[in-house]
Amino acid sequence: MSDAGSLWIVIPTGQLASGAWVDDLRGAPAAPFPRQRVEVVRGPRAEERIQELFQRRGWSDGLPVVPPTLARVNAALAFAPRAPGDVLGEIEPLKGLATVEKIAANAVMAGCRPEYLPVVLAAVACLLDPAFNLRGVQTTDENVAPLLLVSGPVALELDVNGSFGALGPGWQANAAIGRAIRLVMHNLGGGRPGVVGYAGLAQPGRYTLCLAENAEKNPWEPLHVEAGLAASASAVTLMRAETVINVTGGLAEIASVMGTAASGFGILWSGRPTVLLAPAVAADCARRGMGKDAVRQFLWRHGRWRREEWRTSWLATRIVAEGGWPDWVEEAARTGNIPAARTPDDIVLCVAGGDIPIPQNAYCPSWGFPPARITREVALPRDWTALLTAARDAADALAAN
Amino acid sequence: MLRASAVAEQAGTPTSSLCCEGFLGQAKTISVGLGYPNLALAKVPGHVDVQTADELRANVLGTTVAQVIDNLCGEVAAMQIATDPDPEEIVFEGSFEEVNRLFLENGWSDGLPIVPPTKEKIASFLAFTDLPHEHAIGKLPPDNRIATVWNVAVNGVMAGCRPEYMPILVALVEAMADPQYGVEHSGNTPGAETQIVLNGPIIKRLGFNYEQGALRDGFQPNTSIGRFWRLYLRNVAGFLPHQNDKGTFGNTWRVVLAENEDVLARIGWPTVAADMGVAAGENAVTISRFTGGNVIVSVFGDTAEKVLPYLGNALVSHSAWELIFTVGMASGTYRPLLILSPLIAETIAKTMTKRDVQQWLFENARMPASLFEKYLWGWTNLVPGKRTLNDWVRLGKLPKAFAGNDPDRLVPLVTKPEHFMIAVAGDPLRSNCYLLIHNGILGFPVSKTVRLPPGWAEKLRDAQG
Amino acid sequence: MKGAYAVVWPRSAKAVAAKPLAPRLETLEGKTIAFLWDNLFRGDEIWPILKAELSQRYRGIRFVDHDAFGSTHGDEEHLVLAEMPEKLRALKIDAVVSGMGC
């Protein structure tokens with residue numbers, strides 16, 4: 001029912017329970033917008049207008065966004081197992097309400113296909129877990145980014161990449177799902193860089209940091225089964241990753257990177273680091289009869305920060321007060337060197353990446369408190385399979401013409 | 001409950017407000033309307049009505065206690081206020097369909113097409129009042145937005161009213177803003193709905209229906225003004241479903257009920273407005289809120305004594321939890337409305353005045369005391385303390401008619417005969433009557449005279465051509 | 001634009017100036033806490049649980065029950081609220097727990 005060139009947009013920025021808008025909480029926003037649910041943007045250049053307006057309003061991560069039209073948002077909402085007005089929680093620090101509809105609008109902006117919404121909703125549920133400490137993540141001067149690991153059948157159905165190039169560009173699901181939670185943090189939580197967040201450098205992972213576990217090459221149980229879910233379930237696991245450090249080689253090399261100042265904050269707050277293990281390394285370990293626990297044991301025992309380096313480090317000498325290190329750190333220092341995590345169980349292992357003879361692993365040290373490894377099942381709508389098929393058919397038809 | 005917290009904060013005492021989980025969102029918006037947007041709330045998980053004593057205890061100890069302590073001793077959350085558009089500023093330009101779509105998507109419409117509120121249309125309404133358009137009629141909870149002549153006109157246009165209805169619309173909003181009515185309760189879970197009763201010469205002047213189909217849609221004044229009422233409750237008072245309006249089921253707007261004043265004059269009975277203290281011959285609206293009711297079909301008999309028992313029985317069988325407004329939650333505030341068709345009114349009036357009817361109902365429309373008590377606290381969780389009606393007589397909350405120890409004794413439904421409200425309308429040749437069951441202090445009867453500005457009649461004549 | 005309607009917003013601005021909350025307490029030790037109740041939703045069961053638990057955590061804490069004030073909902077609500085500030089003063093109430101919103 002709209003004129004040619006009229007786009008009906010769902011306003012994607014957050015509103016608090018009191019009715020106040022997130023944009024109004026830190027002084028006047030850069031560009032005005034109507035404080036209502038839907039806005040109409042008109043004219044033959046409506047799409048360009050939206051890009052310009054959204055950039056000026058501070059609603060983008062710097063890249064172009066997909067305008068969250070009613071049609072697109074409603075298409076995504078068809079995949080939500082909940083009502084559009086349902087509130088998942090308040091996004092810290094500015095506490096905009098995470099309604100299913102606003103999450104969908106930000107997912108559309110990020111470039112998500114409608115069928116990605118259940119995964120995005122599960123990821124937002126992880127963000128809202130108090131253990132994730134979203135407030136800390138959003139406001140710190142450190143460079144931490146959420147790391148989203150997808151496991152289970154849905155990863156395959158949605159083509160979330162866990163193999164070659166899993167941490168890089170080229171897969172719509174990885175790119176858009178990871179970006180969706182960033183836009184939720186940005187627009188509903190108000191975590192705008194330079195306004196609320198003051199990270200020194202930030203990191204590229206703040207555009208998107210999302211991959212699937214390599215189910216095919218994983219010799220052990222999947223991440224979500226470790227967390228207590230059924231194998232047939234699908235889940236997302238969210239970690240706080242200070243950064244992503246590439247490590248070529250095997251367990252010894254990974255351990256050698258873990259046992260350095262790179263693990264400083266993880267150690268300080270008893271955090272849970274993530275290790276993305278290359279398929280070749282995992283296969284090698286499995287061949288030698290090592291399970292995940294044995295791998296964790298190895299890393300915990302060998303990946304230790306030398307005590308002398310720890311004592312004279314920037315953290316120890318300039319940041320942490322006397323007695324500020326956890327007891328287990330002091331205890332470890334008494335007898336030897338400092339492990340990168342409090343216990344082997346605190347190390348999260350995920351097999352990912354392409355299977356190549358020169359194995360490329362990644363070490364993602366943890367940041368912040370409390371210790372967190374958050375898993376949420378992906379809740380699917382009742383008619384998921386039919387909806388997915390219809391969505392694929394529609395996409396095929398679109399491409400065919 | 002939150003009003004009490006606001007009063008305490010105002011007095012300088014820190015508060016913690018206990019809220020069941022499902023109420024927290026609503027609590028935040030209500031808090032804004034109270035002037036304390038960051039009122040400290042402590043959550044009680046789930047809903048208390050369905051928890052065992054052990055579950056309640058575990059929930060309170062596991063979640064609520066910590067939040068109460070934090071509410072009273074912790075950091076005060078920063079205040080945030082919403083910024084609103086200027087009411088006289090154009091917010092959108094578009095086709096009829098686009099305006100409707102935008103209003104619907106933004107929660108400004110009730111789901112039916114609205115008449116686009118252009119400045120031209122608003123001006124035509126303002127021409128039928130002599131009040132300045134920025135005149136503030138009152139402040140409406142829960143949103144605490146100002147009711148102005150301007151936004152009365154805007155919503156009147158949207159509802160499909162005619163400009164000449166403006167004085168009635170203003171009177172209705174004056175009534176809505178009267179604290180006696182209790183508009184702040186209009187979003188409660190029972191979801192009762194207002195009934196507007198109109199009296200005065202304006203009934204005929206504007207063509208209100210008062211005969212067959214008196215409660216049905218189809219007549220522009222009755223219907224559009226009924227719709228205006230709910231649009232106004234939504235847009236200006238701020239009652240929106242899934243937000244401040246928590247009616248479990250709700251009902252939709254009722255058309256305006258106009259009384260058959262010819263019949264009332266003929267039988268010598270006062271109008272509803274006259275009963276409410278309005279001078280005879282004045283135009284007036286009376287608002288009251290009703291939970292529901294029923295049509296009383298085939299009222300049979302040729303004398304008052306023959307027809308009244310059936311009507312009395314209808315009152316008894318339809319009054320249930322609402323009796324907490326006779327005693328328990330409030331005392332003597334129950335005002336059920338009996339609408340008699342002219343035929344039945346004339347039959348009764350052969351030997352009785354309205355007062356006589358009220359007296360008869362007080363003495364004969366009675367219920368066993370034990371059943372009355374079941375509605376208060378036996379079957380429901382509405383009135384704590386498990387007091388008997390006799391206990392309340394002793395406390396001075398009920399008159400002697402309720403006294404006694406026999407649980408089977410019959411007791412009245414109201415504390416005074418004149419609490420039975422009676423109107424006359426409907427098909428003059430039918431023997432059906434209608435009963436509306438009242439929501440007590442949660443929508444108490446309020447009347448306001450309809451002030452016609454000088455020149456209203458001339459303007460109307462001009463407008464009608 | 002042909003056939004266009006230029007329309008206004010049907011609401012009006014919220015009229016209430018936001019007021020700051022009363023200052024919070026440093027601790028509940030030695031304080032007097034009152035219960036305000038609207039006679040609904042099992043507040044009469046919840047308050048004793050709170051009292052018992054707070055007594056265990058805070059030395060010298062005292063309580064004033066809701067019957068000192070009257071019901072905060074019902075036909076006496078206006079009276080109860082009007083009398084409340086003076087009662088809070090007279091009874092030396094340091095903090096209030098108010099229920100129940102459900």
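In helix 7 of chain B, the buried residues are M166(B), P167(B), I168(B), L169(B), V170(B), A171(B), L172(B), V173(B), E174(B), A175(B), M176(B) and A177(B). A residue is buried if 20 or more other C-beta atoms lie within 10 Å of its own, exposed if 12 or fewer, and partly exposed in between, with C-beta atoms placed from the backbone. The helix is mostly covered, with 12 of its 12 residues buried. Helices (H or I, at least four residues) and strands (E, at least two) are DSSP runs, numbered from the N terminus.

This is a predicted model, in which local features need pLDDT of at least 70, side-chain atom pairs count only at pLDDT 80 or more, and totals for chains, interfaces and linings use all residues. Residues are numbered from 1 along each chain as its sequence is written, while chains are lettered from A and ligands numbered from 1 in the order in which they are written.

Helix 7 of chain B also passes a length check. The expected span of a helix is 1.5 Å times one less than its number of residues. For the 12 residues 166-177 that gives 16 Å, and the end C-alpha atoms are 16 Å apart, so the two agree.

Next, helix packing. Two packed helices are described by the angle between their axes and the distance between the axes. Axes are lines fitted to C-alpha atoms, for helices over the stretch in contact, and angles run from 0 to 180 degrees between N-to-C directions.

Take helix 1 (residues 2-10) and helix 2 of chain B. Their axes come within 10 Å and cross at roughly 45 degrees. Helix 1 of chain B and helix 2 of chain B are therefore oblique to each other. Angles under 35 degrees count as roughly parallel, over 145 as roughly antiparallel, 65 to 115 as roughly perpendicular and the rest as oblique. Helix 1 of chain B passes helix 2 of chain B in a right-handed crossing. A crossing is left-handed if the near helix is turned anticlockwise from the far one by less than a right angle, and right-handed if clockwise. Helix 1 of chain B brings L2(B), R3(B) and A6(B) to the contact, and helix 2 of chain B brings A27(B), I30(B), S31(B) and L34(B). Two residues are in contact if their C-beta atoms, placed from the backbone, lie within 7 Å. By class, this contact has five nonpolar residues, one polar and one charged. Ala, Val, Leu, Ile, Met, Phe, Trp, Tyr, Cys and Pro count as nonpolar, Asp, Glu, Lys and Arg as charged, and the others, Gly among them, as polar.

Chain A has its own crossing. The axes of helix 9 (residues 251-258) and helix 12 (residues 292-302) of chain A come within 8 Å and cross at roughly 45 degrees. These two helices of chain A are therefore oblique to each other. The crossing of helix 9 past helix 12 of chain A is right-handed. L251(A), A252(A), I254(A), A255(A) and M258(A) of helix 9 meet V295(A), F298(A), L299(A) and H302(A) of helix 12. Eight residues of this contact are nonpolar, one is polar and none is charged.

Now the chain interfaces. Of the two pairs of chains that touch, chains B and C have the most contacts. Their contact takes 54 residues from chain C and 81 residues from chain B. On the chain C side, two or more residues each come from strand 1 (5-8), helix 1 (43-57), helix 2 (77-90) and strand 4 (95-101). Strand 4 of chain C gives the largest share, seven residues. The chain C side has 33 nonpolar, 10 polar and 11 charged residues.

Chain B also touches chain A, with 23 residues of chain B in contact with 18 residues of chain A. Helix 2 (24-34), strand 3 (90-94) and helix 4 (96-105) of chain B each supply at least two residues of that side of chain B. That side divides into eight nonpolar, nine polar and six charged residues. No contact joins chain A and chain C, whose closest C-alpha atoms lie 11 Å apart.

Some single residues deserve a look. L211(A) lies in strand 6 (residues 210-212) of chain A. L211(A) is buried, with 29 other C-beta atoms within 10 Å. Beyond four places in sequence, L211(A) touches L149(A), N161(A), G162(A), A166(A), L167(A), N174(A) and A352(A).

Last, the backbone. A cis peptide bond joins F369(A) and P370(A), with omega about -10 degrees. The peptide bond from G99(C) to M100(C) is also cis, with omega near -5 degrees. M100(C) is found in strand 4 of chain C. K92(C) is not a glycine, yet has a positive phi of about 55 degrees. K92(C) is exposed, with 11 other C-beta atoms within 10 Å.
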